[in-house]
Amino acid sequence: MYLLKLLLRNAFRHKLRTSLTVLSITIAILAFGLLRTFISAWYAGAEASSASRLVTRNAISLIFPLPLSHKDKIRQIDGVRQLSWGRWFAGIYIDEKNFFANYAIDAKDYLALYPEFIFPPDQQAAFLADRRGCCVGTKLIERYHWRIGDIVTLKGTIFPGNWEFVLRGIYHGRDESADERLFFFHWDYLNESLKKTAPSRADQVGWYIVEVTDPSRAAEVAQAIDKTFKNSLAETLTETERAFFLSFVSMAGAIIVAIQLVSLVVIIIIIAVTANTMAMTARERIGEYAIFKTLGYRGWRIASMIIGESLLITMIGCLFGIALTPPAAKIFGKIVGTYFRAFRVDMATIYIDIGIAILVGLFAAIVPTWRATKIRIADGLRRIG
Amino acid sequence: MGVPISYSFRNLWTRRLTTVLTASGMALVVFVFAAILMLAEGLRKTLVETGSYDNVVVVRKGSNSEVMSWVTRYQASLIETQPEVAIGADSQPLLAKEMVVLITLPKRMTNTPSNVVIRGIGASSLALRPQVKLLEGRMPRPGLSEIIAGRSIAERFKGGGIGEILRFGMRDWIVVGIFDAGNTGFSSEIWGDADQLMQAFRRSVYSSVILKLRDPSEFERVKERIESDPRLSLEAKRESRFYAEQSESMARFLRILGTALTIIFSLGAIIGAMITMYSAVATRTGEIGTMRAIGFQRMSILGAFLAEALLLGLIGGCAGLFLASFLQLLTISTINFQTFSELAFSFTLTVDIVWKGLVFALIMGFVGGVLPAIGASRMNIVESLRTS
């Protein structure tokens, strides 16, 4: 018990220095927590995916469409319960900076496949009834303040021209992981227009969403679909929704690795700052350690005093940092909200934070401890400052 | 001024451990700061060098990359007849009708798939891009299923090496050559005969038309004529500008990320410097009193401690930049979200980044040292002598 008292007294002997060190640890833990949350936000799409949904796309790459005629062949495959399709539109709302995902969907079946998008019932019916209708997630509404009945114009990049849509529905996610930043409209609307302006591009879809009857058979069904179209003009690549999202994440792999490296650097920076504080503290108290030794204290007792003090300081900083991470993540999530669907701090981050704080506390104490335990009593008593 | 300053320098040496720890904290911040600026600069440089000022890219109106663009054969031949197009040595116009698509290829190391640009080229494509040099093998012969791969594709993707075979579009394509295009986006592309590739992908339209201007100053005229022609609905851009635009949003993303990170990190390092300087002042109270007693002015004391903090920052800054300069040996490849294709580029250190890094380090030193230094300069002579 007296050890703890001693630690607390010692730690706050230099109030300014200790509080500055605690502050820097708080900042570092906060930064680390935010970086980890940032990384997990990349993976949010994969986490929210359903195990029973498969994505079928052109095997060459995503930019190549699939013919609409594939749909009947896929339906016949054993294990397929339901299917729908979409096509990437890549329209621009006023300016390129206003980026949000927008695509054409085979509306009725598509929404049935995504029970996590929840509409007020009348709005869903209104959307399905209006071919020029579109529906968007609540996060986009927060950003652009559209109201039901508004006309939203997107400038096509893949499909030239200005396209007008009437806002008919606003959905929200069933839980936090559902993506609330999407913009859907009717594939029929796109297709009918293409039939008039660019007939060679009509009756094509970007990808099929296939629901399987039993998630444990997903791999088997995926293989069966790809086998059906092997050696055809439009070979397919079918994978689970999760694998589909992960392939996007892995393309940005270098950026994620860079962010991970940076979070390692944060840890090293706190080690340097804390080690510095401990080194200064130990240097000033060399005389005291010599007195302790004269009184008969062993090396390990002195060591435990230094290590304990170091751990105490890092743990206080760590607690502040953990407490501040969720509100900071919330603010950060508001700023970059349109790029990332979810910005949540998970429990693992908090455990890792604590682990790091312990690690930093131990590392920072190594050199001072070594110096303090090695010093000869006479030298220690003689030395000043 | 001489004595207090040399006194400060010697102090940094005496408290080596503290100096090293504080400076290394700052060095890491400068390292991260420089690394992210170098990354954004490398990306920008790669894409800017890809385009040349004399060339014009013609794409469909509203498309921001070649992959999204459509140019019909009819439109392409209308552009071919523009008088501003330069004439090559073989008395043919220096103009290439190209097709650009993306294909998914697995990487050699990890087997993870990524999007790679395939460019269908014409007879003049190589002449239009003097930066592209054939390293090994030969050019693909028109009419055959042959392709050549850029250096970074050959190194990083399965089936990209010379003599290897890639299968797409229901055909086997043999890699007959490797080309090097220096630090440009072309190094991350695969080239083949445009007509063969269009057949394989069942496409009847080109993606873009590249032409060299007879006289670079005639750009405005040809741009105006192409864009006002109702048969075309195309737009013309200088090639250099076309590629520079493709780096913008990614470079902006990196810059915002980098600035946010370095601001947070620098707070940590500034606090580190502050701790060091406060303790430097605290442990030397007696010495400060002595100096004041023998006639040094308050300003000299302030200057001495500020100089110490700035020197600490300078050491940190130099160390950080020294570490960051090694990053130039690395090549990074990531997806460019604007074109959705894989691009390889390297960290690029410029004089500008060196200056920014050093100024940043000095600012960190200054902010960390200014309060302790003011505190030191305002000490009362008698009291400070008594405390020692």
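**Entry 1: α2 against α13 in chain A**

I started with the pair α2(A) and α13(A), whose axes come within 7 Å and cross at roughly 45 degrees. Axes here are lines fitted to C-alpha atoms, for helices over the stretch in contact, and angles run from 0 to 180 degrees between N-to-C directions. α2(A) is therefore oblique to α13(A); angles under 35 degrees count as roughly parallel, over 145 as roughly antiparallel, 65 to 115 as roughly perpendicular and the rest as oblique. I noted the crossing of α2(A) and α13(A) as right-handed. A crossing is left-handed if the near helix is turned anticlockwise from the far one by less than a right angle, and right-handed if clockwise. The contact of α2(A) with α13(A) holds 14 nonpolar, nine polar and no charged residues. For the classes, Ala, Val, Leu, Ile, Met, Phe, Trp, Tyr, Cys and Pro count as nonpolar, Asp, Glu, Lys and Arg as charged, and the others, Gly among them, as polar.

A reminder to myself: this is a predicted model, in which local features need pLDDT of at least 70 and side-chain atom pairs count only at pLDDT 80 or more, while totals for chains, interfaces and linings use all residues. Residues are numbered from 1 along each chain as its sequence is written, and chains are lettered from A and ligands numbered from 1 in the order in which they are written.

**Entry 2: α13 against α14**

Next I followed α13 (299-335) of chain A to α14 (347-374) of chain A; their axes lie 8 Å apart, at an angle of about 150 degrees. That is why α13(A) and α14(A) count as roughly antiparallel. Their crossing is right-handed, and their contact has 18 nonpolar, seven polar and one charged residues. Helices (H or I, at least four residues) and strands (E, at least two) are DSSP runs, numbered from the N terminus.

**Entry 3: where the chains meet**

I then looked across to chain B: 40 residues of chain A are in contact with 46 residues of chain B. Contact means that the C-beta atoms of two residues, placed from the backbone, lie within 7 Å. On the chain A side, α2 (15-42), α10 (241-251) and α11 (253-284) each supply at least two residues, and α11(A) gives the most, with 15 residues. I read that side as 27 nonpolar, 11 polar and two charged residues.

α2(A) also pairs with α8 (239-283) of chain B, the axes coming within 9 Å and crossing at roughly 165 degrees. α2(A) is therefore roughly antiparallel to α8(B), and the crossing is left-handed. Among the residues that meet are A:L16, A:L20 and A:I27 in α2(A), and B:F265, B:M274 and B:Y278 in α8(B). This contact has 13 nonpolar, five polar and one charged residues.

**Entry 4: domains**

Which two domains does chain A have? I found domain 1 (2-44 + 253-382) and domain 2 (60-234), with bounds from an automatic or database domain assignment. Their C-alpha centres lie 49 Å apart.

For chain B the assignment gives domain 1 (2-48 + 246-387) and domain 2 (62-232), and 47 Å separate their C-alpha centres. Their contact takes 14 residues from domain 1 and 15 residues from domain 2. On the domain 1 side, α2 (16-50), β11 (331-336) and β12 (341-346) of chain B give two or more residues, and β12(B) has the largest share, five residues. I noted five nonpolar, seven polar and two charged residues on that side.
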